[in-house]
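Let's go looking for charged partners in a protein. Have the sequence and the 3D view ready as you read.

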Amino acid sequence: SVGAENAQVAPTATSDQSTTRKFNVVFVVDASNSMNSTDTEGWRFEAIDQFLSLLSMKGNHVGTVVFNDKVLAANGVSEVTNKKDKLNASNAVKSVQAIGFTNIGAALAKANDLLKKGDPSLPSIILLLSDGNTEMPTEAEQKAAVTAQNNAIADAKNNDTAVYCVGLNANGK
């Protein structure tokens with residue numbers, strides 16, 4: 001039996017709004033040609049809009065990376081302070097036509113770079129929306145892209161950045 005001197009008191013719950021979690025978030029969105037067949041309905045955009053709608057209006061920092069075989073567009077991590085900021089983040093990923101090959105490594109590396117400029121007091125998240133297949137036109141480019149992907153994942157891990165993947169593909173690869 002445990003004596004009273006070893007008893008622990010559970011912390012009391014508080015309803016203090018200042019304890020609400022805030023994040024640095026970078027949306028990494030696949031705009032390769034394969035997305036024209038694996039996400040024909042544009043669910044990746046719906047997912048981003050829903051995620052953004054759940055973020056509190058102030059205190060979160062959001063950035064975007066849109067990629068195919070290279071980074072096509074990137075917006076640095078900046079604080080979301082109103083609905084217009086959320087709309088701008090959403091529109092930034094919708095404005096790029098899906099063409100080309102898929103280099104997830106280059107996109108994750110860019111996301112890591114953006115997060116290093118985020119609020120250092122906040123936890124960082126990469127939200128990758130892709131059909132998940134790194135695919136480049138040559139064997140050498142494929143090998144380099146996979147190496148870049150592995151390095152980017154290791155970099156995220158070393159920086160305590162969580163990487164969440166939303167798979168938009170049903171081909172089992």
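Here is a short tour of the salt bridges.

## Before we start

This is a predicted model, where local features need pLDDT of at least 70 and side-chain atom pairs count only at pLDDT 80 or more, while totals for chains, interfaces and linings use all residues. Residues are numbered from 1 along each chain as its sequence is written, and side-chain values use heavy atoms, with hydrogens and water left out.

## What turns up

Side chains of opposite charge can pair when their charged atoms come close. A salt bridge here is a side-chain nitrogen of Lys or Arg within 4 Å of a carboxyl oxygen of Asp or Glu. Searching the whole structure gives 3 of them.

## The buried pair

R44 and D39 join their side chains in a salt bridge, at 2.7 Å from N to O. Both ends are tucked away: R44 is buried at 7% relative accessible area, and D39 is buried at 4%. (Buried means under 20% relative accessible area, exposed over 50%, and partly exposed in between, using a 1.4 Å probe and protein chains only.)

## Two links across the chain

D49 and K94 form another salt bridge, 2.9 Å from N to O. This pair connects distant parts of the chain, with D49 in helix α2 (residues 43-54) and K94 in helix α3 (residues 83-94), 45 residues apart. Helices are DSSP runs (H or I, at least four residues), as are strands (E, at least two), numbered from the N terminus. D49 is partly exposed at 26%, and K94 is partly exposed too, at 37%.

Then there's K116 with D155, a salt bridge of 3.1 Å from N to O. K116 sits in the loop between α4 (104-115) and β4 (124-130), whereas D155 belongs to helix α5 (residues 139-158), 39 residues apart. D155 is partly exposed, at 23%.
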